[in-house]
Amino acid sequence: MYFMLSKVLLVVLLLLMLPGCSEKEVVPSLGARLSGHSRSEDKLWSVVRNNDVINTWVLLSLPYFPDMEAKGVTTAFDEITSRIRKESEDPNTIVRVINRHIYEELQFSTASDGMRSMSALRPDTVMQDRKSNCMGLTLVYLAIAERLNLPIAAKLTAHHIFLCYNDGTREFNIEATNGDLDYSDRSYRSLLSNPKSSPRAYMRKLSKAEVFGIYLTALGTYLGASGRYNEALDALEKAVELFPGSPSTNQNLGLAYKDLGKMKKAEKFMARAGELDPDFWQAHRDMGLLLFRRREFQRATHSYLKAIEAIQAAVMLRSPGMRIEQAQSGTALTAEMLEEQVVGILKDNSVSIKDLYKQAVICFEAEEFDLAHRVLNHALNVDPNHAVIRLALSTVCFRQAKYQDAIKYSQVNGQYPGFYSERMYRPGYLIRELRSCYHELSISYLKLKKYDFAIKAAQKAIEVAGPTPALYHTLGYTYERKGEKAKATEFYKKALQLDPSFKPARWDLSTGKTLPGIQNWVQSRLLAVLANGKGHENLQLSEDDFNRLVTWMDVYAQRLGSFSEHQEEQLRRLRQRMAPLLAE
């Protein structure tokens, strides 16, 4: 026994004596194993702890942008910091001096595609183009503040990161996208799924490691969207290492595992995201999609119901806007008093939009939604494209169950206003997502042969945001499975009335056969191209060829609603083999 123990100790000592190898580096981290890099968790933490903000940003970015001009980035920050320091080091004026240099003289601003482009996170591109998103501009500001030794830290809210100055006597927020100093904590809290909840990751000072955890989360998301799946997984695993308490980081890591066909790990991190923030509706919905794909339909229904509940709360609990600080009435107002106030303010032609907005907020908080609607509608007559007023009116319409109006007012000329993307918590966007969740819930019930539940869920989807051909088709197929052929035909016809080119419903009417995997193939971009009558590159399928494709999807492909994990792995290998031929 003693001899065996001695041999084990000798082996351990030999391993520890290997050049450049510490005890923890003998077994590399999970990210290192999967990505093929020789990095360890210790090295990741060493980068974060032993470098300033700008050099940490550069070093963490280099593996994904090996052609980056790192030296130019640090030189640019040296020059900016030097100019600011020469002008002022007075704590009372330094923030405004920084803002003038960053946003006026250097004209840093939000990129038009800042929510979607990797260039918005690449340090050298950010410094060259002077455009980024909230994450990149937060890092720019933090790097300058650190070199000036200022008490500025980052805070996180849902899908947004901002800055906070706190020297012990003064505390205020700084909006990194434009330098605005007028946003309060309450304003930022309104971006949360449930502004009344307080997940630990949000609305507090972030450590440096947590800031870069969010950065790597954003970078990993963009890498995945660009098809660089292994690099995305590498970045997201490092992000979770730096910020394990971030709901969005865990969620995106779950999605990365899902993209690579690692379903058990995907479920683990999606579940953790939902636990960290029970109001994180995307986590619940994506879990539902994952479970549906694994044919665990009963569990999928539970996830969809959680998503639906969270989306409803996200709009119901949201105040009408965030740009202008909410009014505080101070005393409880009766409906009669509010009516009198509204009548008075609407008669005053000199009243500003800001005052109209404040009056609407008071009405909204008292749940006098009709009065709030009147005030906001008056403000919209003054400025039809006022983003905050339209967003506020959209929220009020949702509370009035006027769902189509809520969607309409969320947009200006078909676009979502403001510097936040449509994926922020705008009522119009949320209502469409709510419809999608109800539709997916309906399909899950359909798979469980709970036809009455499936019908109710589909009808609710239509009630929330109006019908779609796919929804009518789902109802038609459900009624057909119930044996109610006349009802089924009625809804198939309704689908064709909405979209005469909607071939799935036409197929059902002409043959009496339907396609079980409704949600997946109805939203197929391939079928959409084939069914639009224009074909692709002058190539069109004949009616017989199209029907053969649909039959294949009915008989085989829709057993899972997608390719099997084995097929997906084959496709990935094929893509890798064909990469030299497909490269532009």
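1. Basis of the note. The model is predicted, so to speak of its local features requires pLDDT of at least 70 and side-chain atom pairs count only at pLDDT 80 or more, while totals for chains, interfaces and linings use all residues. Residues are numbered from 1 along each chain as its sequence is written, and side-chain values use heavy atoms, with hydrogens and water left out.

2. The three-stranded sheet. An open sheet of 3 strands runs in the order β3-β4-β5 with antiparallel pairing, where strands (E, at least two residues) and helices (H or I, at least four residues) are DSSP runs numbered from the N terminus, and two strands pair if DSSP finds at least two bridges between them. Strands β3 (152-157) and β5 (171-174) stand at the edges with a single partner strand each, so one side of each is left without a neighbour in the sheet. Neighbouring strands of this sheet are turned by 35° against each other on average, direction ignored; axes are lines fitted to C-alpha atoms, for helices over the stretch in contact, and angles run from 0 to 180 degrees between N-to-C directions.

3. Pairing within the sheet. Strand β4 (residues 160-166) is joined to β3 by 6 bridges in the antiparallel sense, and Lys155 has Phe162 of β4 as its bridge partner. On its other pairing, β4 meets β5 over 4 bridges, again antiparallel, with Leu163 standing opposite Ile174 in β5. These two strands, β4 and β5, form a hairpin with 4 residues between them, and Gly168 in the turn has a positive phi of about 95°.

4. Helices around the sheet. Helix α8 (residues 134-147) lies across β3, β4 and β5 and runs at about 25° to β4. In helix α6 (residues 94-105), the 12 residues should span 16 Å at 1.5 Å a residue, and the end C-alpha atoms are 15 Å apart, which agrees; the expected span of a helix is 1.5 Å times one less than its number of residues. The buried residues of α6 are Ile94, Val95, Val97, Ile98, Asn99, His101, Ile102 and Tyr103, where buried means under 20% relative accessible area, exposed over 50% and partly exposed in between (1.4 Å probe, protein chains only). What covers these buried residues of α6 includes α5, α8, β4 and β5. Just after α6, Gln107 takes a positive phi of about 60°.

5. Thr81 in helix α5. Thr81 has its place in helix α5 (residues 70-87) and counts as buried at 3% relative accessibility. With neighbours within four places in sequence left aside, Thr81 is in contact (heavy atoms within 4.5 Å) with Ile144, Arg147 and Leu148.

6. Gly227, whose phi is positive and near 85°, follows α10. The structure holds 8 aromatic pairs, counted for rings of Phe, Tyr and Trp (its six-membered ring) whose centres lie within 6.5 Å, with planes under 30 degrees apart called stacked, over 60 edge-to-face and the rest tilted. One of them is the edge-to-face pair of Trp57 and Tyr215, at 6.4 Å centre to centre with 80° between the planes. Trp57 lies in helix α4 (residues 53-61) and Tyr215 in helix α10 (residues 208-225), so the pair ties together parts that are 158 residues apart in sequence. Trp57 is buried at a relative accessible area of 0%, and Tyr215 is buried at 0%. Trp57, Phe212 and Tyr215 form one aromatic cluster.

7. Two nonpolar cores. A nonpolar core is a set of buried Ala, Val, Leu, Ile, Met, Phe, Trp, Tyr and Cys residues joined through side-chain atoms within 4.5 Å. The largest has 83 residues, and those with the most contacts inside it are Leu253, Leu376, Ile389, Ile431, Tyr438, Leu441 and Leu475. Its largest share, 10 residues, comes from helix α21 (residues 427-447). Leaving aside neighbours within four places in sequence, Leu475 is in contact with Ile455, Ala458, Gln459, Ile462 and Phe491. Apart from this core lies another, of 70 residues, among them Trp57, Val58, Leu223 and Ala235.
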